[in-house]
Amino acid sequence: MTARTKPLPAAEQPEKGLPQVGSPENTVVIGDQLIEIRPTKLRYQRNRTAAFYKILEMYPVADVLAMESGAFGDDRDGDKALMDWLIAVFDDAALVTEHYDEMDTDTIEQLLAIFRRVNRIDEKEQKLKNLQTARKG
């Protein structure tokens, strides 16, 4: 009888990427980084920067960027107000500054949808509509 020996397995371990952390539906790619959008910090809500999402819901990004200083009741123009809102969304001024010119309308719209979801704006508005409907009925 011939003795067969099984060859040894390779000693190297295959490299695996890290598992994805967080919710995939709350992530966007900025530059070459996958960034998870988290609920907005209170400091951005207190200084009313976070409330800028309402402007983005009503006006196209091109129109927002064309708004002059004073359009928001302060000395900011549309460009500065959008940048401030993006800083509030990411809580990372360096990231926004580095990639601001690379962002497009689709990215802004995607961020707006995620912003509304993670801050439970849609959920609260739906509850309010339900209450108003119940009062009428």
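**Fold, core and helix packing of the predicted chain**

D84 counts as buried, because its relative accessibility is 14% (buried, under 20% relative accessible area; exposed, over 50%; partly exposed, in between; 1.4 Å probe, protein chains only). This residue, D84, lies in helix 4 (residues 78-90). When residues up to four places away in sequence are not counted, D84 touches T49 and R76, contact meaning heavy atoms within 4.5 Å.

The model is predicted, so local features need pLDDT of at least 70 and side-chain atom pairs count only at pLDDT 80 or more, while totals for chains, interfaces and linings use all residues. Residues are numbered from 1 along each chain as its sequence is written, and side-chain values use heavy atoms, with hydrogens and water left out.

The secondary structure of the chain consists of seven helices and two strands, arranged along the sequence as β-β-α-α-α-α-α-α-α. Helices (H or I, at least four residues) and strands (E, at least two) are DSSP runs numbered from the N terminus. The chain is more spread out than a compact globule, because its radius of gyration is 23 Å, well over the 14 Å that the globule rule gives for 137 residues; the radius is taken over C-alpha atoms, and the rule is 2.2 Å times the number of residues to the power 0.38. Along the principal axes, the C-alpha atoms fill a box of roughly 90 × 45 × 25 Å. Of the 137 residues, 31% count as buried. Among contacts with a separation of 6 or more, 55% are accounted for by residues 24 or more positions apart.

The largest nonpolar core has 31 residues, of which I37, L82, W85, L86 and F90 touch the most other members. Such a core is a set of buried Ala, Val, Leu, Ile, Met, Phe, Trp, Tyr and Cys residues joined through side-chain atoms within 4.5 Å. Helix 4 gives the most to this core, with eight residues. With residues up to four places away in sequence not counted, L86 touches V96, Y100, M103, I108 and L111.

The axes of helix 6 (residues 105-118) and helix 7 (residues 121-136) come within 5 Å and cross at roughly 65°; axes are lines fitted to C-alpha atoms, for helices over the stretch in contact, and angles run from 0 to 180 degrees between N-to-C directions. In this contact, F115, R116 and R117 of helix 6 meet I121, D122 and E125 of helix 7.
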